[in-house]
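Colleague: Before I rely on this fold, could we go through its sheets, its aromatic rings and one of its helices together?

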Amino acid sequence: MSHRPSSGLAAVSTALLAMSRHLEVHDVLKTIVASARELLDAEYAALGVPDDHGGFAQFVVDGVSDEQWKAIGPLPRQHGILAAMLHEEKPERLADVRQDPRFEGWPNAHPDMSDFLGVPVRDGDATIAALFLANKRCPKPHGGCGFTEEDEELLTILAQHAAIALTNARLYERSRELTIVEERSRLAHELHDAVSQKLFSLRLTAQAAAALVDRDPARAKGELQQVAALAAEAADELRAAVVELRPAALDEDGLVATLRTQIQVLDRAHSARVTFDSSGVRALPAAQEEALLRVAQEALHNALRHSGGERVDVTLARRGQGAVLSVTDNGAGFEPRTVRRAGRHLGLVSMRDRASGVGGRLRVRSAPGRGTTIEMEVPGG
């Protein structure tokens, strides 16, 4: 392996592009650490995100095996050199961290480190993390420092872009949380409008049947049959809502199996025929799989509740390194140009945002009386 830093525009560009590919905070943190270690040819790298209680909310390492990391024990506290980077807000470049008066020793299983380079990761005036490297892979003259001034400049540049990537990932996760809240609010509204109304009708019909039992048994029987029909409709509405509320088992089952299960339940819960077909789909990045699932749920909701169609067909197919989802109904349809002028319709804005948020795109094909197709394509990873 080369003992010179991976300097130059190409190496820095590769590291920055790697950071920008991820949307999940933990993935971004791991990529920052791995990119820094590779860029500056260090044996160890770590990044700590401080909490408000003197410790670290997250601490990610690279160059330490899982077994070593478990043996080291609890996460470090904000003390010594780490505290200096977080609170003094300046780089630290040391020939031997063990000789620094702030050094307080290692846990028993901790690897031994000597030369050290650390920089704060700052978002505006706030220090949001500390990024540091140890044991540069290069000859170390007696008394010399393995990391150079050039290394410090490169790591500072990387830390500036790491702040952007980390902030973007946090905003993405926050937007996802807000979307979940919005979806649950929508479902609560639908439960009130649909199920509550049916239960109210069921109650009135049951009361009418009770009043008719003695004086008009035939009419009472008809009212009881209506009670049974209303109860079945309410059960269908509840079952469909539970499908949308139930956490998707993407991590355990994958996108295809999760979609198939949910569509089978919807097919039983609604009078419309709901089908699913998939072919050649590979595992996709987690954010893309979640976006595809949520768009499928939104499109299915629209088709089953608003289109009036008798059939909804869902397909998921491989396209290049990515995948394409299609949800087609044979319902009433609408005029897409009118929808674009109106700005919002049937959750289309939310679906477009989900698609663009993972580097994909959404297409809508519809016409009055000719049904609707919602198609979402993602590039893969």
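This is a predicted model: local features need pLDDT of at least 70, side-chain atom pairs count only at pLDDT 80 or more; totals for chains, interfaces and linings use all residues.

Colleague: In what order do the five strands of the open sheet lie?

Modeller: The outer positions belong to β6 and β9 (361-366), each of which pairs on one side only. From one strand to the next the twist averages 10°. The pairing within this open sheet is mixed, and the order of its five strands is β6-β7-β8-β10-β9.

Colleague: Which handedness does the unit made of β6, helix α8 and β7 have?

Modeller: Strand β6 (residues 273-279) and strand β7 (residues 311-319) run parallel and are joined by seven bridges, and within that pairing Arg273 has Arg311 of β7 as its bridge partner. A crossover counts as right-handed when, with the strands pointing away from the viewer, the path from the first strand over the helix to the second runs clockwise. With helix α8 (residues 286-307) between the two strands, this β-α-β unit is left-handed.

Colleague: What angle does the direction of α8 make with that of β8?

Modeller: Strand β8 (residues 322-329) is antiparallel to β7 and joined to it by eight bridges, with Val314 standing opposite Val327 of β8. Helix α8 packs on the sheet and touches β6, β7, β8, β9 and β10 (372-378), and its direction makes with that of β8 an angle of about 5°.

Colleague: And helix α10, at what angle does that one run to β9?

Modeller: Helix α10 spans residues 348-357 and lies across both β9 and β10. Its direction relative to β9 is about 145°.

Colleague: Turning to the rings, why is the pair of Phe59 and Trp69 called stacked, and how many residues apart are the parts it ties together?

Modeller: The structure holds five aromatic pairs. In this one the ring centres of Phe59 and Trp69 are 6.0 Å apart and the planes stand at 5°, so the pair is stacked, given that planes under 30 degrees apart count as such. Because Phe59 lies in strand β2 (residues 56-62) and Trp69 in helix α3 (residues 66-72), the pair ties together parts whose separation in sequence is 10 residues.

Colleague: How do the planes of Phe103 and Trp106 lie, stacked or edge-to-face?

Modeller: Phe103 is partly exposed at a relative accessible area of 24%, and Trp106 is also partly exposed, at 29%. Their rings are 4.8 Å apart centre to centre, with 70° between the planes, and the arrangement is edge-to-face.

Colleague: Which residue of β5 is the bridge partner of Phe116?

Modeller: Phe116 belongs to one aromatic cluster with Phe56, Phe59, Trp69 and Phe132. Strand β4 (residues 116-123) pairs with β5 in the antiparallel sense over eight bridges, and the two form a hairpin with two residues between them, where Gly124 in the turn has a positive phi of about 65°. Strand β5 (residues 126-136) is mostly covered, with 10 of its 11 residues buried, and its residue that partners Phe116 is Ala134.

Colleague: Lastly, which residues is Arg260 in contact with, leaving aside neighbours within four places in sequence?

Modeller: Arg260 lies in helix α7 (residues 250-269) and counts as partly exposed at 35% relative accessibility. Although 17 residues separate Arg260 and Asp277 in sequence, their C-alpha atoms are 8.3 Å apart in space. With those sequence neighbours set aside, the contacts of Arg260 are Phe276 and Ser278.

Conventions:
Residues are numbered from 1 along each chain as its sequence is written. Side-chain values use heavy atoms; hydrogens and water are left out. Two strands pair if DSSP finds at least two bridges between them. Helices (H or I, at least four residues) and strands (E, at least two) are DSSP runs, numbered from the N terminus. Rings of Phe, Tyr and Trp (its six-membered ring) pair if their centres lie within 6.5 Å; planes under 30 degrees apart count as stacked, over 60 as edge-to-face and the rest as tilted. Buried means under 20% relative accessible area, exposed over 50%, partly exposed in between (1.4 Å probe, protein chains only). Contact means heavy atoms within 4.5 Å. Axes are lines fitted to C-alpha atoms, for helices over the stretch in contact, and angles run from 0 to 180 degrees between N-to-C directions.
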